[in-house]
Amino acid sequence: MSILLFIAFILSIRYGAVDLDTAEILRSIFTDAETTNRSIIWKLRMPRTLIAGLVGMCLSVAGCILQGVMKNPLASPTIIGVNSGAGLAAALTLVLWPEMEYLLTPAAFLGAFATTWIIYIISWKDGIKPLRMVLAGVAISSVISAIINTILIFFPDRITNQISFTIGTLSAKMWSDFRILLPYAAVGIFLAIVFSKKLNILLLGDEIASNLGVNIEKTRLILIGIASLLAASSVSIVGMLGFVGLIIPHMTRLIVGSDNRFLIPASALTGALVIMTCDTVARIIAKPMEIPVGIIMSLIGAPFFLFLLRRRFKYDD
């Protein structure tokens, strides 16, 4: 996996509106002074590629956590409305306090966290049922999306690149965006790995988990908070990028199994690999135009979602 991730990183640096061969990349990094190629690599492609990797990690790990906490293979930041909640909070922040960009990620976190708990509470009735969770998530997400679109219509001057925000894009991401995302991603992924063992215990059922000494509601609250932090930090930087948290955990389970101690770090690497690769494809498939990476992910994720709907779920009752 690490080798594939490294290859995806190199390809992302190499290909785009201007293609660079390996020799040019090495010269630009190690020997050339302020040349055009060096500027392309260091000011444009390097931060964009690193952000793609972090976003893939954040959304994939968030999906792993939500699927475990909700005991629902369809749970993901997109499907159950976490991304929408984060997007609404981010949009409101841009409208009300456009000069305070540092508030964007904390506000998105609060929006994602509140949305997740609302859906969780609405879905609870003698336990969490997969179908009930999906329906509640779709309904809440639809309402929030309508509110977001209304905000975009009435305040187009406050939110730039409106279409990109609702689809998800890595276009024009700079080092400043990377520096904002990095601490949230690092803290969230670290906490997810720390709590992976307790997530495994929750999957055994509430009664067994309680007998093993796990405070069920407190643990769920913490895990939902971690997933919300990861999803919100990504949404605040690249917009509402969909389906990453749905498909990556399922892909990774086929390789490493369902033990979250291994699934979470493996999903992080797989997520980084997939988003880097999809972003590279988005840049070169229609050169010199650039397709938002969210469109590529939707083309992959929507059929996968339909496939999951038709199969017999692992967590089904």
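Is C58 buried or exposed, and what is its relative accessible area? C58 is buried, at a relative accessible area of 0%. The views below show a predicted model.

View 1. C58 takes part in no disulfide, and the nearest cysteine sulfur, in C64, is 12 Å away. A disulfide needs two cysteine sulfur atoms within 2.5 Å. The sulfur of C64 has that of C58 as its closest cysteine sulfur, and at 12 Å this is too far for a bond. C64 is buried, with a relative accessible area of 1%.

View 2. Two aromatic pairs are counted in the model. One of them joins F109 and F113, whose ring centres are 6.0 Å apart with 35 degrees between the planes, a tilted arrangement. F109 is partly exposed at 25% relative accessibility, and F113 is partly exposed at 23%.

View 3. The ring centres of W175 and F178 are 5.7 Å apart and the planes stand at 85 degrees, so the pair is edge-to-face. W175 is partly exposed, with a relative accessible area of 28%, whereas F178 is buried at 14%.

**View 4. Helix α13, residues 260-284.** Helix α13 has 25 residues and spans 35 Å from its first C-alpha to its last, close to the expected 36 Å. The helix is mostly covered, with 18 of its 25 residues buried.

Key:
Residues are numbered from 1 along each chain as its sequence is written. This is a predicted model: local features need pLDDT of at least 70, side-chain atom pairs count only at pLDDT 80 or more; totals for chains, interfaces and linings use all residues. Side-chain values use heavy atoms; hydrogens and water are left out. Helices (H or I, at least four residues) and strands (E, at least two) are DSSP runs, numbered from the N terminus. The expected span of a helix is 1.5 Å times one less than its number of residues. Buried means under 20% relative accessible area, exposed over 50%, partly exposed in between (1.4 Å probe, protein chains only). Rings of Phe, Tyr and Trp (its six-membered ring) pair if their centres lie within 6.5 Å; planes under 30 degrees apart count as stacked, over 60 as edge-to-face and the rest as tilted.
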